Amino acid sequence: MTKENKGASVDRRKFLAGVAVAGAAATAAPLKNTARAAAPAPNADRPVASVQTAENGLVQPGPYSYAAGKPGSDFMVDVIKSLDIDYVVTNPASSCRGLHESLINYGNNTKPQMLTCMHEESGAAMAHGYYKASGKPMMCLFHGTVGLQHATMALYNAWCDRVPIVVVVGNHGDAASRRPGVPTAHSAIDPIGLIRDFTKWDDQPWSLQHYAESMIRAYKIAMTPPMEPVALSLDGHIQEAPIPEGSELFIPKYTPTAPPQGDTNAVREAARLLANAENPVIVADRMARTPEGMPLLIELAELLNATVVNQYNRMNFPNTHYLSGGGGAIARADVVLGLELTDFFGAVNRFVDSEHFQLSSRVRPGTKLISIGVGDLYTRANYQDFQRLQPVDVSIGADAQATLPALIEAVRQEIPEARRATIATRGDNARRAFAQARENALQEAMWGWNSTGKVSLGRLASEIWDKVKGENWAFCGDSLNGNVTRLWTFDKAYQHNGGSGGAGVGYNLPAAVGAALGHREHGRLVINVQNDGDSMYAPGAYWTSAYHNIPMLTIMNNNRAYHREVMHVQSVGNWRNRGVENFMIGNEITKPNIDYATLAQSLGVNGIGPITDPSELGAAITRGIAMVKAGEPALIDVVTQPS
């Protein structure tokens, strides 16, 4: 492990001249992917069963005839394997011990492999980040009431972000069979009640066959848009008891549910409005469920020469495309198409955070609003993540990505011949506006370039980009006040992992570890720009990345405070004419300063820094990348200006 902070200075204008030429990321040599131990051969005593191949290509075994004495959790493992789940993340505990033992000894700890996390919240966040990087759900195995209480914040984030996670919670339902002490204290009649308001479906199976059907159903529901976490409460007795003699258990066939598509007439009405618009704008939130989503949105945007505002909760649209624009485009729109918008109200209204509630419309009177999304198809009443109600002119309750092919074809048919020249002119104007916005972003990145003691966010984003732009990279984490998304080239579906969904602090570090795991098999260089406050919620995630050989370069945005909260206190103090002298109380992370490089080293991760002189950044980043490409996680602690 190393800790150092030496480097060479970089001239800002010469540097940014290179940054301005932002091409597509070149494919790098695959990262080293080392395994902690070779997987053992399949267990010889797994029962032989008849098999059939489902339409999804997965083998669906059953029925099973088990020898007397086989534990129920062995059958549970076979059900999990039928779903092709790659990983189970856990913080081990007694209520899950039956399934835990079967996963590692009967299932040979392969497909799924167990991942050890230091906290259940970190485990759920890992599953969250992993899904967005890989498109595959992860299973979380948690302990009773207390383990689930730890996991709740991360599960709420996943709920808000529409991410599928299969949560399995150990429990002891029968009071007469509970062991005294901790097993009883950690049991409940309805443990899933704790998270029912932010899970899509749950069940508490009372037999092995019930479990098989519920697990298949849970996976199916989680993977059907809107995708959300699901949960099963798994009784300890059913896990540990032998399978009753003569049982003929079977695993139901899993068939994915096709996502809902928009009503034909509603799609035609939306197409008519878009085709005849003078200045259409598309706002995309969680539209691109798969890599196929981005090309579809590009096709629609180019057909109309419509500006696209990407909210970056998914990688919906390339930021280097001439139609990529900011939220200011909405003010000029006469038609706004929202694709999977969680907050349509926030997209078309302006709120000024002041002593007096100030709200105004971003759109002109008469602007037509079109919504395509699954938000109206499923929601809950208690938690208000669905935001304020925004009336629209056309509301299509359907999966936006699945609906885009029909919408594209309808728009193509609706465009009058007389409007084609106007649409072409709109494209020319968009190219000029995009070039100017790009130049403005480069100039803004130069502010504070050579400041000492603390590194500017524009320089930090630029220096990282200079080192990674030739690699096969993927980004996780903080965008450094938007500098990353303005200065880097994002043109591939996997390059941006989005935010937390529920804005729950403590998400980013473990989610980045999960994302890095998803990218590992593709040999991608994962860059995690990590806020300091978020990091300290769950630093044990660094250990998980080291133990499981998950390479990732973490670059600390270490501004030594909860600066968003600093701004809140400053605002309220100004409203009340009390000044801002005391705004750091309760918000600063200093006295002592946290040495993140040393902390990382103690958890098995290479540590570099702290970096306070921007001239030392380049060499530190180069060294960190070399460590990650050798298959090891690394962290660079960069002390940054407040933001």
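This is a predicted model: local features need pLDDT of at least 70, side-chain atom pairs count only at pLDDT 80 or more; totals for chains, interfaces and linings use all residues.

Me: Great. In what order do the strands of the open sheet come?

Reply: The order is 5-4-6-7-9-8, six strands with parallel pairing. Strands here are DSSP runs (E, at least two residues), as are helices (H or I, at least four), numbered from the N terminus. Two strands pair if DSSP finds at least two bridges between them.

Me: And which strands stand at the edges?

Reply: Strand 5 (113-116) and strand 8 (201-203) do; each has a single partner strand, so one side of each lacks a neighbour in the sheet. From one strand to the next, the twist averages 20°.

Me: How many bridges join strand 8 and strand 9?

Reply: Three, in the parallel sense, with strand 9 covering residues 230-235. For Asp202, the bridge partner in strand 9 is Ala231.

Me: New topic: is helix 2 mostly buried or exposed?

Reply: In helix 2 (residues 72-82), 10 of the 11 residues are buried, so the helix is largely enclosed by the rest of the structure. Among them are Phe75, Met76 and Val77. Just after helix 2, Asp84 takes a positive phi of about 60°.

Me: What about helix 10 and helix 12, at what angle do they pack?

Reply: Helix 10 (residues 293-304) and helix 12 (residues 400-414) pack at about 20°, their axes 10 Å apart. Axes are lines fitted to C-alpha atoms, for helices over the stretch in contact, and angles run from 0 to 180 degrees between N-to-C directions. Helix 10 and helix 12 are therefore roughly parallel (angles under 35 degrees).

Me: Which residues meet there?

Reply: On the helix 10 side they include Leu296, Leu300 and Leu303, and on the helix 12 side Leu404, Ile408 and Val411. Contact means heavy atoms within 4.5 Å.

Me: And how far apart are the axes of helix 4 and helix 5?

Reply: They are 7 Å apart, with helix 4 (residues 120-134) and helix 5 (residues 144-160) packing at about 30°. Helix 4 and helix 5 are therefore roughly parallel to each other. Residues that meet include Ala124 and His128 in helix 4, and Ala151 and Ala154 in helix 5.

Notes: Residues are numbered from 1 along each chain as its sequence is written. Side-chain values use heavy atoms; hydrogens and water are left out. Buried means under 20% relative accessible area, exposed over 50%, partly exposed in between (1.4 Å probe, protein chains only). Angles under 35 degrees count as roughly parallel, over 145 as roughly antiparallel, 65 to 115 as roughly perpendicular and the rest as oblique.
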